[in-house]
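Trainee: I am new to this structure. Could you take me through it, one feature at a time?

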Amino acid sequence: GFYTIIISTTVYLMLPMFRGAEKVFRRVLVPLAGLEELLILRDSIQIKQQMLKDLDPERAKVVRKSIAKCFDAEDTDANPAALRKELKQSWSALRLTKSFLPNMSSNYEEAPTIKLNLV
């Protein structure tokens, strides 16, 4: 009874595949402490660090500008058409980067192909 529940709870909180500790932290502890804004700030800093690590500097600059433009704009979350327009503008800015990045294909719609010679 009791020990089974305690062991199950411990396993849920400790195993990374369940992400139980993170769920309890984000859904229980942070709201109780009133630190939602700091959690959002922490997440955005982690995303920025990950983006800068994974992207080329030129692409990272364009993506940063698109993200900043999205967050600096008026709050249009209620209007799906405005969100669609923002997405299209961001996508068009990313498509412009293909002209100065040598490793990008000249045709964005074309799927990448792999040629193998098995002989």
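**Reading the pocket and the helices**

Mentor: Start with the lining of the largest pocket, which by class has 5 nonpolar, 1 polar and 2 charged residues. Keep in mind that this is a predicted model.

Trainee: Which residues line the largest pocket?

Mentor: To read a pocket, list its lining and then ask where each part comes from. Here the lining is made up of S44, I47, K48, M51, R64, I67, A68 and F71. Helices α3 and α4 each supply at least two residues of that lining. The space in this largest pocket is about 270 Å³.

Trainee: Where does K48 lie, and how far apart are the C-alpha atoms of K48 and R64?

Mentor: K48 lies in helix α3, which covers residues 36–54. K48 itself is partly exposed, with a relative accessible area of 46%.

Trainee: How many helices and how many strands are there in the protein chain?

Mentor: The protein chain has 5 helices and 0 strands. Read from the N terminus, the order of elements is α-α-α-α-α. Of the 119 residues in the protein chain, 10% are buried.

Trainee: Which residues of α4 are buried?

Mentor: In α4 the buried residues are A60, V62, V63 and S66. As for its span, α4 runs over residues 57–72, which is 16 residues, and reaches 22 Å from its first C-alpha to its last, close to the 22 Å expected at 1.5 Å a residue.

Trainee: Now the charged side chains. How many salt bridges does the count come to?

Mentor: The general idea is that side chains of opposite charge can pair when their charged atoms come close. The cut-off used here is a side-chain nitrogen of Lys or Arg within 4 Å of a carboxyl oxygen of Asp or Glu. By that rule the count comes to 4 salt bridges.

Trainee: With which residues does E22 form a salt bridge?

Mentor: One partner is R19, with the closest N and O atoms 2.8 Å apart. Another is R26, where the closest N and O atoms are 3.0 Å apart. E22 and R26 are 4 residues apart in helix α2 (residues 20–33), so they are separated by about one helical turn. E22 is partly exposed at a relative accessible area of 29%, and R26 is partly exposed at 28%.

Trainee: What links R42 to D43?

Mentor: R42 forms a salt bridge with D43, the closest N and O atoms being 3.7 Å apart. R42 counts as partly exposed, at 41% relative accessibility, whereas D43 is one of the buried residues of α3. Taken together, R19, E22, R26, R42 and D43 are linked in a network of salt bridges.

Trainee: Where is R19 found, and what is its phi near?

Mentor: As background, most residues other than glycine have a negative phi. R19 has a phi near 55°, a positive value in a residue other than glycine. It is found in the loop between α1 (2–14) and α2. With a relative accessible area of 48%, R19 is partly exposed.

Note on methods:
Residues are numbered from 1 along each chain as its sequence is written. This is a predicted model: local features need pLDDT of at least 70, side-chain atom pairs count only at pLDDT 80 or more; totals for chains, interfaces and linings use all residues. Side-chain values use heavy atoms; hydrogens and water are left out. Buried means under 20% relative accessible area, exposed over 50%, partly exposed in between (1.4 Å probe, protein chains only). The expected span of a helix is 1.5 Å times one less than its number of residues. On a 1 Å grid over the protein atoms alone, a cavity is a set of points where a 1.4 Å probe fits but cannot get out, and a pocket is an open set with protein on both sides within 12 Å along at least five of seven lines; lining residues have an atom within 4 Å of a point. Grid points are joined across faces, edges and corners, and a volume is the space filled by probe spheres set on the points. Ala, Val, Leu, Ile, Met, Phe, Trp, Tyr, Cys and Pro count as nonpolar, Asp, Glu, Lys and Arg as charged, and the others, Gly among them, as polar.
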